[in-house]
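I opened my notebook today to look up a few places in a protein model. Here is what I wrote down as I went along.

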Amino acid sequence: MSSQTITADKAGTWKLGDLPVHRLGFGAMRLTGSAAFHLGTPSDRDRSIAVLRKAIDLGVNHIDTAAFYFSSLRSANELINSALAPFPDDLVIVTKVGPYRTWSGEWGTSARPEDLRAHVEENLRQLGRDHLDVVNLRRMPTYDSIAEHFGALAELREAGLIRHLGISNVEPRHLAEAQGIAPVVCVQNRYALDRPDPVTDELLRICGEQGIAFVPFYAVAGEGGERGATTTHDEEVRAVARAHGASPAQIRIAWTLHQGPHVLVIPGTGNPDHLVENVAAGAIRLTDEELHRLNAPRTKAG
């Protein structure tokens, strides 16, 4: 498919609270290197900055990031600050807290509730902002209830450091728990065409009923996860891709967007050409028959 003039608005819009965003956003994780975190080689700084500026040129106004997105030489937040500040008025930057990495790159003990202010302030410092648009609490395996952690973020919201709150890596019961404390504008869970998950399917449905944004991560990477996009695609994906003159990755993005008007996608890349392709996927319209074909292996596995 031609992608030269396709911009992010073709995917439609949704709101994170009172903040309108195009449904096709950008994930900053892969700006820092050939693979996420400390798993690959550091990226070229100028190229990463160029990708960010190109994203804005293509109409992207939703960037997902975190202070723990860094490699041995690159920090996603610092790249965003350097490339885009002063930030466009319509740009919504979403970050997340909970996980912790030491400066050597190793994963450390996840945040306790009393640690979260420092995590928020580190994001503020790196981004050069006086408040954060949206902060997601990433639930870690070390705690089942999110009440104390989410309550600590709610206090920071009341203090004006955070505008809106979201949650990540959760089940429906955690959404209900959080909503008893403060409004939730988005939910981030791992979700992909080739990864059946009845619990997350239910969460996606609940979010749709309540008007909450559902923001899958690793929608393109699939089983590749933090190491990068999968190269394994079902033949149905390849067939639909051929019919649209698109790549399998673009079909994965399009399928994700077709899961509901409240579903946002945040594909990440450090490659300018991949960025253009990702944004162009927001214009792909799948037929009911194509969706049935794509869903068949997932339905069978589920």
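**Entry 1: a histidine in a loop**

I began with the side chain of H131, which makes a polar contact with the side chain of D130 at 3.0 Å. A polar contact is a pair of N or O atoms within 3.5 Å; within protein, one must be able to donate a hydrogen and the other to accept it, and residues adjacent in sequence count only if both atoms are side-chain atoms.

A note on what I am reading: this is a predicted model, where local features need pLDDT of at least 70, side-chain atom pairs count only at pLDDT 80 or more, and totals for chains, interfaces and linings use all residues. Residues are numbered from 1 along each chain as its sequence is written, and side-chain values use heavy atoms, with hydrogens and water left out.

Where is H131? I found H131 in the loop between α3 and β6 (132-138). Helices (H or I, at least four residues) and strands (E, at least two) are DSSP runs, numbered from the N terminus. Leaving out residues up to four places away in sequence, H131 touches L124, G160, L161 and R163; contact means heavy atoms within 4.5 Å. I also checked L156: 25 residues separate L156 from H131 in sequence, and their C-alpha atoms are 9.9 Å apart in space.

Is H131 buried, exposed or partly exposed? H131 is partly exposed, because its relative accessible area is 22%. The scale is: buried under 20% relative accessible area, exposed over 50%, partly exposed in between (1.4 Å probe, protein chains only).

**Entry 2: a serine in a strand**

Next I looked up S168, which lies in strand β7 (residues 162-168). With a relative accessible area of 0%, S168 is buried. Its side chain reaches the backbone oxygen of Q188 at 2.9 Å. Beyond residues up to four places away in sequence, S168 touches L137, R138, R139, Q188, N189 and F217.

C186 is in no disulfide, and its nearest cysteine sulfur, that of C207, is 9.0 Å away. C207 is in no disulfide either. C186 is buried at 2% relative accessible area, and C207 is buried at 0%.

**Entry 3: the second largest pocket**

I then turned to a pocket. On a 1 Å grid over the protein atoms alone, a pocket is an open set of points where a 1.4 Å probe fits, with protein on both sides within 12 Å along at least five of seven lines; lining residues have an atom within 4 Å of a point.

The second largest pocket holds about 210 Å³ of space. Its lining has 14 residues, and A67, Y100, R101, H119 and E122 lie nearest its centre. The elements giving two or more residues to this lining are β5 (92-97) and α3 (116-127). Five residues, the largest share, come from α3.

Which residues of α9 are buried? I listed L275, V276, N278, V279 and A280. What covers them includes β3 (26-27), α1 (45-57) and α8 (248-257). At the start of α9, a side-chain oxygen of N271 comes to within 2.8 Å of the backbone nitrogen of D273.

Last, I found T287 in the loop between α9 (272-280) and α10 (288-301). T287 is partly exposed at 39% relative accessible area.

Terms used:
Points joined across faces, edges and corners; volume = space filled by probe spheres on them. Disulfide = S-S within 2.5 Å.
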